Amino acid sequence: MTGTRERQQTVLIADDEPRSAKIMAALCANLGFATLVAGDGQEALEVAVERQPDLVLMDVMMPRMDGFAATARLKEDERTRPIPVIIVTSLESRQDRLNGIARGANDFLTKPVDGEELALRVKNLLRIKEFESFLQIHNQELERQVGVRTVELEESRRQARAGYLEAIDRLALASEYKDEDTGLHLRRVAIFTRELA
């Protein structure tokens with residue numbers, strides 16, 4: 001054992017029914033997740049921004065701000081956009097599901113929640129989120145490396161250009177030692193060549 005521990009993943013449960021929130025918190029705890037609880041959509045937004053959970057279980061029917069509106073706001077904010085949201089609701093109509101998808105929900109669970117289904121959906125979404133985070137970090141590193149290489153290439157070009165000009169000047173000087181007329185002609189050609197380069 002190396003002595004290091006992985007960070008425990010956190011699930012935010014947004015539900016105005018304390019009993020329902022408690023059941024989902026217990027299910028998540030059994031899966032090894034830490035939990036946070038918010039009593040409505042507005043509180044869920046505030047907690048998500050402040051605590052940056054790994055996933056949100058979002059009820060739909062809540063006071064102050066419903067789950068659809070809260071999901072849309074989470075997905076509009078750069079700070080919370082990558083957090084997967086599972087809509088957990090007793091609403092089962094096709095239109096409700098389409099509404100949730102349109103607002104940015106990643107998945108749906110129907111109440112009462114089945115523990116095995118919850119476990120599979122949460123684990124799948126967290127795996128996808130980890131992969132997306134890896135890709136984002138990898139892309140940032142590639143961009144950094146491209147920036148460094150671009151600076152090195154520009155410096156190399158600048159040095160090469162200076163070297164070429166110096167070589168032209170030296171050739172012109174060398175030719176001046178043999179023949180003054182030819183040397184002056186070559187000097188003029190060198191100046192024109194430098195200007196053209």
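Thr 10 touches Ala 34, Leu 36, Pro 53, Asp 54 and Leu 55, leaving aside residues up to four places away in sequence. In this predicted model, Thr 10 belongs to strand E1, which covers residues 10-14. Its relative accessibility is 16%. Buried means under 20% relative accessible area, so Thr 10 counts as buried.

Next come two helices. Helix H2 spans residues 41-51 and helix H3 spans residues 67-76. They pack at an angle of about 25°, and their axes are 9 Å apart. Angles under 35 degrees count as roughly parallel, so H2 is roughly parallel to H3. The crossing of H2 past H3 is right-handed. On the side of H2, the contact is made by Gly 41, Gln 42, Leu 45 and Ala 48. On the side of H3, Ala 70, Arg 73 and Leu 74 take part. Sorted by type, the residues of this contact are four nonpolar, two polar and one charged.

How much of H3 is buried? Seven of its ten residues are, so the helix is largely enclosed by the rest of the structure. The buried residues are Gly 67, Phe 68, Ala 70, Thr 71, Ala 72, Leu 74 and Lys 75. At the start of H3, a side-chain oxygen of Asp 66 comes to within 3.1 Å of the backbone nitrogen of Phe 68.

The backbone also deserves a look. Most residues other than glycine have a negative phi, and most peptide bonds are trans. Gln 52, in the loop between H2 and E3, has a positive phi, near 50°. With a relative accessibility of 36%, Gln 52 counts as partly exposed. Arg 64 also has a positive phi, near 65°. This residue is in the loop between E3 and H3. Is Arg 64 buried or exposed? Arg 64 is exposed, with a relative accessible area of 64%.

The last stop is a peptide bond. From Lys 111 to Pro 112 the bond is cis, with omega near -5°. Pro 112 sits in the loop between strand E5 (107-110) and helix H5 (115-178).

Note on methods
Residues are numbered from 1 along each chain as its sequence is written. This is a predicted model: local features need pLDDT of at least 70, side-chain atom pairs count only at pLDDT 80 or more; totals for chains, interfaces and linings use all residues. Side-chain values use heavy atoms; hydrogens and water are left out. Axes are lines fitted to C-alpha atoms, for helices over the stretch in contact, and angles run from 0 to 180 degrees between N-to-C directions. Helices (H or I, at least four residues) and strands (E, at least two) are DSSP runs, numbered from the N terminus. Angles under 35 degrees count as roughly parallel, over 145 as roughly antiparallel, 65 to 115 as roughly perpendicular and the rest as oblique. A crossing is left-handed if the near helix is turned anticlockwise from the far one by less than a right angle, and right-handed if clockwise. Contact means heavy atoms within 4.5 Å. Ala, Val, Leu, Ile, Met, Phe, Trp, Tyr, Cys and Pro count as nonpolar, Asp, Glu, Lys and Arg as charged, and the others, Gly among them, as polar. Buried means under 20% relative accessible area, exposed over 50%, partly exposed in between (1.4 Å probe, protein chains only). A polar contact is a pair of N or O atoms within 3.5 Å; within protein, one must be able to donate a hydrogen and the other to accept it, and residues adjacent in sequence count only if both atoms are side-chain atoms.
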